[in-house]
Amino acid sequence: MNNSMLRQTKMIWVVCALMVIALVYTLMTTSFNKSSESIRVGSTAPEIRVTTLDGSTVKLSDYRGKGVLLNFWGSWCGPCVSEMPRLKEAYESGMNGVEIVAVNVGESKGTIMEFNQKHQLPFPIMTDPTGEAAEAYRVNGLPATFLVNSQGQVKQIFPGELSNTEQIKALLKSVQPGTW
């Protein structure tokens with residue numbers, strides 16, 4: 001092996017070693033940050049900014065003083081579509097001091113508006129086109145629902161589909177101000 005080939009081999013090993021070190025560092029810091037920022041029952045709900053279908057910006061803290069059922073969904077998600085009529089029925093049953101906020105993750109405003117027109121949803125529909133709000137809540141799959149009390153604390157977390165209207169009404173009641 002000549003000196004040129006030896007230098008190239010050494011350089012390849014150095015580059016590979018640096019790449020492995022960078023990968024390990026990235027994986028360790030990402031895992032550490034995600035675990036230290038995970039959403040837990042009793043923790044303060046992360047502040048998010050989302051957009052209404054008419055283009056207004058809304059923050060979760062705008063609902064302070066009310067209980068919130070925060071639902072992350074997508075129109076392409078079968079379980080999300082399946083639970084929407086149940087969310088609608090529970091919302092229309094009328095529960096003072098509680099709001100359902102449905103945050104669509106990653107879809108265009110046109111797609112969301114078409115879905116909303118088809119299903120005539122009475123509660124606020126928000127857009128999260130970049131997934132930033134979903135990331136703040138560490139949403140790994142849709143649908144995902146978070147119950148937030150009037151003081152802004154996470155009271156319950158439900159990954160997956162909410163199975164019936166009575167369950168949803170009970171969840172709304174659990175964050176209704178003055179019921180604890």
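N71 is buried, with a relative accessible area of 0% (buried means under 20% relative accessible area and exposed over 50%, with a 1.4 Å probe and protein chains only). The model is predicted, so that local features need pLDDT of at least 70 and side-chain atom pairs count only at pLDDT 80 or more, while totals for chains, interfaces and linings use all residues. Residues are numbered from 1 along each chain as its sequence is written, and side-chain values use heavy atoms, with hydrogens and water left out.

**Surroundings of N71**
- N71 is found in strand β3, residues 67–73 (strands are DSSP runs of E with at least two residues, helices runs of H or I with at least four, numbered from the N terminus).
- Leaving aside neighbours within four places in sequence, the residues in contact with N71 include E83, L87, V101 and P143 (contact means heavy atoms within 4.5 Å).

**Helices α2 and α5**
- Helix α2 (residues 78–92) and helix α5 (residues 165–174) pack at an angle of about 50 degrees, with their axes 9 Å apart (axes are lines fitted to C-alpha atoms over the stretch in contact, and angles run from 0 to 180 degrees between N-to-C directions).
- Where the two helices meet, R86, L87, E89 and A90 in α2 face T165, I168, K169 and L172 in α5.

**Backbone features**
- The peptide bond from L142 to P143 is cis, with omega near -10 degrees, and P143 is placed in the loop between α4 (132–136) and β6 (144–148).
- Q120, although not a glycine, has a positive phi of about 50 degrees, and Q120 is exposed, with a relative accessible area of 52%.
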